[in-house]
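Please have the model open while I talk.

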Amino acid sequence: MKPRTSHPEIHGWRKWVSRSLDLLYPPRCVVCQVGLADGRALCDVCDADLPRIAEPFCQKCGEVFPGKIEDKFACPNCHHLKFAFDFARPAALRDDRTLDMIHRLKYGRELHLAKDLGRLAAEAFSDSRLAPALAGGWPLIPVPLHRRRQQIRHFNQAEEISRVLSGHTGLPLLRGLKRIRSTEHQTALTRSQRLENLRGAFAVTPAGERHFSGSTAGAVLVDDVLTTGSTVDECARVLRRAGLQNVVVVTVMRG
Ligand SMILES: [Zn+2]
Ligand SMILES: [Zn+2]
């Protein structure tokens, strides 16, 4: 048996501090492991290499199509769907490296990754359709987690991304929605089952009500990944009901 060199509690504490410092100041690029000195999580080469959404893409859901599309609004995924939001604009294309960063933020609690993911999401604002949001100072509303889930995770990844996004865009962060019903195990459901499952899951917070009593021009819903769009659709429905005239969606990645 190996002899202990220090008191086990102190040893554990030092390990925790060292790990926390590594999390706060990651010494290596999250993708290629190259050493980084500036406290960023992603090196310039890997950052440039992560695929972004580029034209032509669906003007509703951001799905990218190879080649030319005649009708901007005809996307085989959603041309028959009616969303409560005006459009969703993910910044990045589906990519394992980007998804890994999102998963590490969400499930690995690597909070420092929010900085690079938020910066990535901010690129969506180069889309001219988001100009009214920037000009009008629409609030960034993160898709909320249920209180229980947030207690377990200690943070909401959409809110962390929104906070960084707020720094880049100057738009205010507004915790305007809350999840009043837990909606777990969504993945196995069909689209209509998902929508049914999500009904009544969200509500406007008092902070949201205060904000909307002064301005109903619009809001930007923020989430990490846009997959089927069911969750942001339900959030947008609640915001419309609260009187908002425009609801747009910005996410880091198209799932
Ligand atoms: Zn790298
Ligand atoms: Zn689409």
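L173 counts as partly exposed in this predicted model, because there are 17 C-beta neighbours inside 10 Å of this residue, and a residue would need 20 or more to be called buried. Once the neighbours within four places in sequence are set aside, the contacts of L173 are with L140, S162, R163 and S166. There is also P139, which is 34 residues from L173 in sequence and yet, C-alpha to C-alpha, 5.7 Å from L173 in space.

Stepping back to the whole protein, the secondary structure amounts to ten helices and six strands, and 33% of the 255 residues count as buried. If we take the contacts between residues at least 6 apart in sequence, 73% of them join residues that are at least 24 apart.

Now to the helix pair. The axes of α8, residues 191–198, and α10, residues 230–241, come within 10 Å of each other and cross at roughly 40°, which means that α8 is oblique to α10; the crossing is right-handed. On the α8 side the contact is made by R191, R194, L195 and L198, and on the α10 side by S230, T231 and E234. Sorted by class, that contact has three charged, two polar and two nonpolar residues.

Notes. Residues numbered from 1 in each chain as written. Chains lettered and ligands numbered in written order. Predicted model: local features only at pLDDT ≥ 70, side-chain atom pairs only at ≥ 80, totals over all residues. Helix = DSSP H or I, 4+ residues; strand = E, 2+ residues; numbered from the N terminus. Buried ≥ 20, exposed ≤ 12 C-beta atoms within 10 Å, placed from the backbone. Contact = placed C-beta atoms within 7 Å. Axes fitted to C-alpha atoms, helices over the stretch in contact; angles between N-to-C directions. Parallel < 35°, antiparallel > 145°, perpendicular 65-115°, else oblique. Left-handed = near helix turned anticlockwise from the far one by under 90°. Nonpolar A, V, L, I, M, F, W, Y, C, P; charged D, E, K, R; others polar.
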